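Open the model in your viewer and keep the selection tool ready. This tour goes stop by stop.

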Amino acid sequence: MKFVIQRAASASVSVNEQVVGSIRQGYLVLIGVCDTDTEAEADRLVRKMLNLRIFSDENGKTNLSLKDVDGELLLISQFTLYADCRKGNRPSFVKAGNPEHAQKLYSHVIEACRKEGPVVQTGVFGAHMQVELVNDGPFTVILDSEEI
């Protein structure tokens with residue numbers, strides 16, 4: 001499982017020109033799932049993400065977590081995080097999780113985050129989406145279940 005976490009001043013996601021999720025300060029998180037991912041791995045990444053200290057404190061040091069700044073979450077599924085570009089010019093997506101498994105784990109991540117209390121907004125699984133982001137920094141962190 002992969003999370004691409006972007007520290008956001010604001011972010012939104014639209015489907016068919018209708019905003020389906022938006023946040024103020026917080027994280028825009030792109031979530032990729034592969035077939036071998038488990039709920040335990042998802043829980044581990046959620047804990048890590050929610051406890052990351054990547055917001056600036058009064059001294060400009062990245063020392064504050066999402067909870068410390070009353071941050072919000074915008075969670076968006078993105079199978080293309082598992083693109084394999086090693087051969088040719090057209091990416092292969094065979095490493096991406098099958099849609100049923102990926103949707104189950106995506107939903108699990110959403111519920112795990114909601115249990116922790118921040119505002120949680122989402123995209124629409126499997127939909128063609130337009131994402132708008134004001135990346136604060138820019139500041140982007142990648143969490144990969146194979147590395148944590």
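**Stop 1: Ser 145.** Select Ser 145, which counts as buried at 6% relative accessibility. Here buried means under 20% relative accessible area, exposed over 50%, and partly exposed in between, with a 1.4 Å probe and protein chains only. Ser 145 is found in the segment after E8. Helices (H or I, at least four residues) and strands (E, at least two) are DSSP runs, numbered from the N terminus.

Before going on, note that this is a predicted model: local features need pLDDT of at least 70, side-chain atom pairs count only at pLDDT 80 or more, and totals for chains, interfaces and linings use all residues. Residues are numbered from 1 along each chain as its sequence is written, and side-chain values use heavy atoms, with hydrogens and water left out.

Now show what surrounds Ser 145. Leaving aside neighbours within four places in sequence, Ser 145 is in contact (heavy atoms within 4.5 Å) with Met 1, Asp 37, Glu 41, Arg 44 and Leu 45. Its side chain reaches the backbone nitrogen of Met 1 at 2.7 Å.

**Stop 2: Lys 2 and Tyr 82.** Select both. The charged end of Lys 2 sits over the ring of Tyr 82, 4.6 Å from the ring centre. The rule asks for NZ of Lys or CZ of Arg within 6 Å of the ring centre and within 35 degrees of the ring normal.

**Stop 3: helix H2.** Select residues 99-115. H2 has 17 residues and reaches 24 Å from its first C-alpha to its last, close to the 24 Å expected at 1.5 Å a residue. The expected span is 1.5 Å times one less than the number of residues. At the start of H2, a side-chain oxygen of Asn 98 comes to within 3.1 Å of the backbone nitrogen of Glu 100. After the helix comes Gly 117, with a positive phi near 105 degrees.

Which residues of H2 are buried? Colour Ala 102, Leu 105, Tyr 106, His 108, Val 109, Ile 110, Ala 112 and Cys 113. The buried residues pack against several elements, including strand E1 (2-15) and helix H1 (39-51).

Next, select Arg 114 and Glu 111. They form a salt bridge, the closest N and O atoms being 3.5 Å apart. A salt bridge is a side-chain nitrogen of Lys or Arg within 4 Å of a carboxyl oxygen of Asp or Glu. Both residues lie in H2, 3 residues apart, about one turn of the helix.

**Stop 4: salt bridges.** How many salt bridges are there in the whole structure? The search finds 5. One of them joins the side chains of Glu 72 and Arg 24 (2.9 Å, N to O). Glu 72 is in strand E6 and Arg 24 in the loop between strand E2 (18-23) and E3, 48 residues apart. Glu 72 counts as buried at 8% relative accessibility, and Arg 24 as exposed at 59%.

**Stop 5: aromatic pairs.** Rings of Phe, Tyr and Trp (its six-membered ring) pair if their centres lie within 6.5 Å; planes under 30 degrees apart count as stacked, over 60 as edge-to-face and the rest as tilted. The count comes to 3 aromatic pairs. Select Phe 79 and Phe 93: the ring centres are 5.1 Å apart and the planes at 70 degrees, so the pair is edge-to-face. End at Tyr 106 and Phe 125, with centres 6.0 Å apart and planes at 35 degrees, so this pair is tilted.

Conventions: Polar contact = N/O pair within 3.5 Å; in protein donor to acceptor, adjacent residues only side chain to side chain.
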